[in-house]
Amino acid sequence: MAFRYVDNELYVENVKVGDIVREVGTPVYVYSKNHFVSQFRKFDRAFKGNHIICFAVKANSNLAVIKTFAELGAGADIVSKGELFRALKAGIEPSKIVFSGVAKTKDEIEHALESSILMFNVESEDELLNINTVAKEKGRKVPISFRVNPDVDPKTHPYISTGLKKNKFGVPYDEALELYLKAKKLENIDIVGVQFHIGSQLLDTKPIYDASVRIAKLIKELQSDGIEISVVDVGGGVGIVYNENEDKEPSIETYAEQVERAFNGFDLKLVFEPGRFLVGNGGVLVSRVVYHKSNGPKNFMIVDSGMNDLLRPSLYNAYHEIKPLVKKDNKMLKCDIVGPICETGDFFARDYEIEDVKNGDCIVVFSAGAYGFTMSSNYNSRPRPAEVLVEGDRFRIVRKREILEDLIRGEEL
Ligand code: LLP
């Protein structure tokens, strides 16, 4: 475990989190590099066949985090020009970058073309035609796969479920063959693969297996129509434990066995786009308690970070474990843990049982390494937190705390 209590004080690897807070202040995101490395290796080791792991940059786009994966040989799954910029800066090889997303603009396509990425995951016929036009202008042939929507229910939160007919993602399974045939006729398109991604935070990998079986069937049909597929991109989605009492982490070995079984018999390179699994439990958000108050029967613990720093509880009603930075045997308190933002939806937890943490002491929000900082904003004109990366007994600031001047950069009176 990257984060553990020793004599009632929280450590990350061999560093006391309290020492980081003393130097860097609050709120602060703290990451464990060795957790990231070990999650990557665990994922990588599970697959026996030809594969690459493209870290989903949207989960945590800090340069030092992306670089950690680049050094392990990872590629990147990107969804914007900004993520491409970050991935390249952090040292990801362009030939290991896949570009997903429903709304890639001409400008973004041009950028990615210039970098010679592994492939574009195309999500509509409009996009296919646009990519072909841009490629023609540049005198290039572009490697693509279609993101096919297998219409399989991933049984996760509706906001992060993507593989159903009613979702905006991908091309419908039943229309995929026809689209591949259209793409085959386009001069500047080079069909290389099929991609699918049915959702995020899946604690049961069976829906990914079911989707894989459907995709394998499609590949057979494509082959009989003379379309060669050499890459299958299975997307991301493997979940992590947020609630120690309720969640059970899926077995990566089972997941690997299921996916490899579904595509057994094909000569394929498998691409994976994990985000949360690699970084989610390798990060925490540390925040200081500012005040307590009670409105009638309701108790509030008010802290110095809010939904602008960590949006997941407000947006998805997501559960995060919250514990004191230093356990002191104070009495337990049932309270809402809320931030400073002027919104009723600004909470990290509701009716939560926690050892009372006095004003001026700190709480730790766990499992904040994925979709934490990346979804943060400056709402209420709050500078965003610092990010710190720990390795062994050392830590360093990998993103400075924002200052007031950062808030108005580019603005004019
Ligand atoms: N590939 C594609 C095409 C995706 O859309 C996503 C996530 C991933 C890979 C990575 O999925 P992961 O392995 O991290 O589950 N903000 C939400 C999660 C949104 C996920 C969006 N797509 C949250 O905080 O739970």
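How many bridges join β14 to strand β15 (residues 298-303), and do the two run parallel or antiparallel?

Modeller: First, the ground rules. This is a predicted model, in which local features need pLDDT of at least 70 and side-chain atom pairs count only at pLDDT 80 or more, while totals for chains, interfaces and linings use all residues. Residues are numbered from 1 along each chain as its sequence is written, and side-chain values use heavy atoms, with hydrogens and water left out.

Now your pairing. Six bridges join β14 to β15, and the two strands run antiparallel. Two strands pair if DSSP finds at least two bridges between them. Strands (E, at least two residues) and helices (H or I, at least four) are DSSP runs, numbered from the N terminus. β14 and β15 form a hairpin with two residues between them. Glycine 296 sits in that turn, with a positive phi of about 65°. Asparagine 295 stands opposite lysine 298 in β15.

β15 has another partner, β17 (residues 332-338). Three bridges make that link, and here the strands run parallel. Phenylalanine 300 has aspartate 336 in β17 as its bridge partner. Strands of a sheet pair through backbone hydrogen bonds, either parallel or antiparallel.

Go back to β14, which spans residues 283-295 and holds leucine 285. Leucine 285 is buried, at 0% relative accessible area. Buried means under 20%, exposed over 50%, and partly exposed in between (1.4 Å probe, protein chains only). Alanine 368 lies 83 residues from leucine 285 in sequence. In space, their C-alpha atoms are 6.2 Å apart.

Next, the start of the chain. Three strands form an open sheet there, ordered β1-β2-β3, with antiparallel pairing. β1 (3-6) and β3 (15-16) are the edge strands, each pairing on one side only. Two bridges join β2 (residues 9-12) to β3. Valine 12 stands opposite valine 15 in β3.

The loop between β1 and β2 contains aspartate 7 and asparagine 8. Aspartate 7 has phi near 50°, a positive value in a residue other than glycine. Asparagine 8 also has a positive phi, near 70°. Aspartate 7 is exposed, because its relative accessibility is 72%. Asparagine 8 has 41%, so it counts as partly exposed.

Proline 27 falls in the loop between α1 (17-24) and β4 (28-32).

Now the charged contacts. The whole structure has 26 salt bridges. A salt bridge is a side-chain nitrogen of Lys or Arg within 4 Å of a carboxyl oxygen of Asp or Glu. Glutamate 137 forms one with lysine 106, where the closest N and O atoms are 3.4 Å apart. The pair links distant parts of the chain, 31 residues apart: glutamate 137 in α6 (residues 125-138) and lysine 106 in α5 (residues 106-114). Glutamate 137 is exposed at 52%. Lysine 106 is partly exposed at 39%.

Lysine 138 and glutamate 114 form another salt bridge, at 3.0 Å between the closest N and O atoms. Lysine 138 is in α6 and glutamate 114 in α5, so this pair ties together parts 24 residues apart in sequence. Lysine 138 is partly exposed, at 36%.

Glutamate 244 and lysine 323 also meet in a salt bridge (3.6 Å, N to O). Elsewhere, Lys33, Glu391 and Arg394 are linked in a network of salt bridges.

Last, the largest pocket. Its volume is about 720 Å³. Of its 38 lining residues, Lys58, Thr162, Phe169, His197 and Tyr371 are the closest to its centre. A pocket is an open set of points on a 1 Å grid over the protein atoms alone, where a 1.4 Å probe fits, with protein on both sides within 12 Å along at least five of seven lines; lining residues have an atom within 4 Å of a point. A volume is the space filled by probe spheres set on the points, which are joined across faces, edges and corners. Domain 1 (3-31 + 280-407) and domain 2 (101-272) each give at least three residues to the lining. Those domain bounds come from an automatic or database domain assignment.
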